[in-house]
Amino acid sequence: MALKLRRLSNALGVEVCDADVSKPMSEAAFGEIYQAFLNYGILLLRNQDITREQHIEFSRRFGELDRHDALPRDRHPKHPELLLVTNEPNPDGTPSDSRYTGRQWHSDMSFTTTPSLGSLLRSHVIPEVGGDTLFANMTMAYETLSDGMKELIADLHGIHMSGTRKIANEATGTVRAAEQKRINPPVAQPVVRVHPETGRKALYLGEKVSRFDGMTEEESKPLIDYLNRHATRPEFVYRHQWRKHDIVVWDNRCTMHQALGDFDETQRRHMERTTVLGTPSGYVVAA
Ligand code: SIN
């Protein structure tokens, strides 16, 4: 079967046209989808009006799923493989803890020692306009640095922190942030990671990185800020405008992303994400 692909931007991403993940898919057919995932970093599958079980089942084709022990408050109560990203209030009417999930540039689970291979986010409820997500191509970001900069950052490790999210719920937010820091001590990750499947080098940073290992925040910040700014230049970025029942799949090893929050917060936005486990990377450092 030859997949029908439509490029989403010059930097990254393709739409897999006519995909239907609810139907049985042969190994060969999935192999083509996986190859497109490696080639383009992001896949878009429109009109996937599927059940939670089908979302989980399709995600398993990409690898073993995270049960989100690092983010226990945000997972679906019946399906730990699903992470909620929602501004729908809690049953008691209080604001959802996860309403500000992903509002910083990041790569999923970078603050753990098994950062994610990839994620599959499905839109359930979207606002009338906005609620977009940005994605950046971190391979392009790395490859366009000068040789001098590549040499400078080659052996650096960035310290990735959990619990940096804006507090949504005054009653539980501070407790949650403290809990996140306790469950997930800071983890140092290489600033340059080699993609285990394509062999290409990519920048691995984002706004959860507070400093480089062995350096102070003051010393690290100018370079971290420069690299994040460089990586998110418009020519390296794709902006996704969601439609209901889209699934976007991204490769966390060579992209990073940010939920923009560019919508009327009185309207509902409800997304659910599976997270595919990656290979071990990085090491825990003292807080
Ligand atoms: C995430 O960071 O996983 C969520 C992104 C989004 O809600 O657009």
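**The core and its salt bridges**

Modeller: Happy to. Searching the whole structure turns up 19 salt bridges, and we'll get to several of them. Keep in mind that this is a predicted model.

Let's begin with the nonpolar part. In soluble globular proteins, nonpolar side chains tend to be buried together. Here the largest nonpolar core has 26 residues, and the ones touching the most other members are Phe37, Leu43, Leu45, Phe58, Phe62 and Val249. Two or more residues each come from β2 (14-16), α1 (27-40), β3 (42-45), α2 (52-59), β5 (116-125) and β13 (247-251). Helix α1 gives the largest share, seven residues.

Leaving aside residues up to four places away in sequence, Phe62 touches Phe30, Ile33, Tyr34, Phe37, Leu43, Leu117, Leu120, Val249 and Val276. There's also a second, separate core, with 25 residues, including Ile153, Val191, Ala202 and Cys254.

Now for the charged pairs. Arg52 makes a salt bridge with Glu272, and their closest N and O atoms are 2.6 Å apart. Arg52 sits in helix α2 and Glu272 in strand β15 (residues 270-277), so this pair ties together parts that are 220 residues apart in sequence.

Asp108 is in the loop between β4 (83-86) and β5, so the link to Arg273 in β15 joins parts 165 residues apart in sequence. Both Asp108 and Arg273 are buried.

Next, look at Glu143 and Arg200, a salt bridge whose closest N and O atoms are 3.1 Å apart. Glu143 belongs to helix α3 (residues 138-143) and Arg200 to the loop between β9 (192-194) and β10 (201-203), so the pair ties together parts that are 57 residues apart in sequence. Glu143 is partly exposed, with a relative accessible area of 38%, and Arg200 counts as partly exposed at 44%.

One last stop: Arg60, Arg67 and Glu81 are linked in a network of salt bridges.

Methods: Residues are numbered from 1 along each chain as its sequence is written. This is a predicted model: local features need pLDDT of at least 70, side-chain atom pairs count only at pLDDT 80 or more; totals for chains, interfaces and linings use all residues. Side-chain values use heavy atoms; hydrogens and water are left out. A nonpolar core is a set of buried Ala, Val, Leu, Ile, Met, Phe, Trp, Tyr and Cys residues joined through side-chain atoms within 4.5 Å. Buried means under 20% relative accessible area, exposed over 50%, partly exposed in between (1.4 Å probe, protein chains only). Helices (H or I, at least four residues) and strands (E, at least two) are DSSP runs, numbered from the N terminus. Contact means heavy atoms within 4.5 Å. A salt bridge is a side-chain nitrogen of Lys or Arg within 4 Å of a carboxyl oxygen of Asp or Glu.
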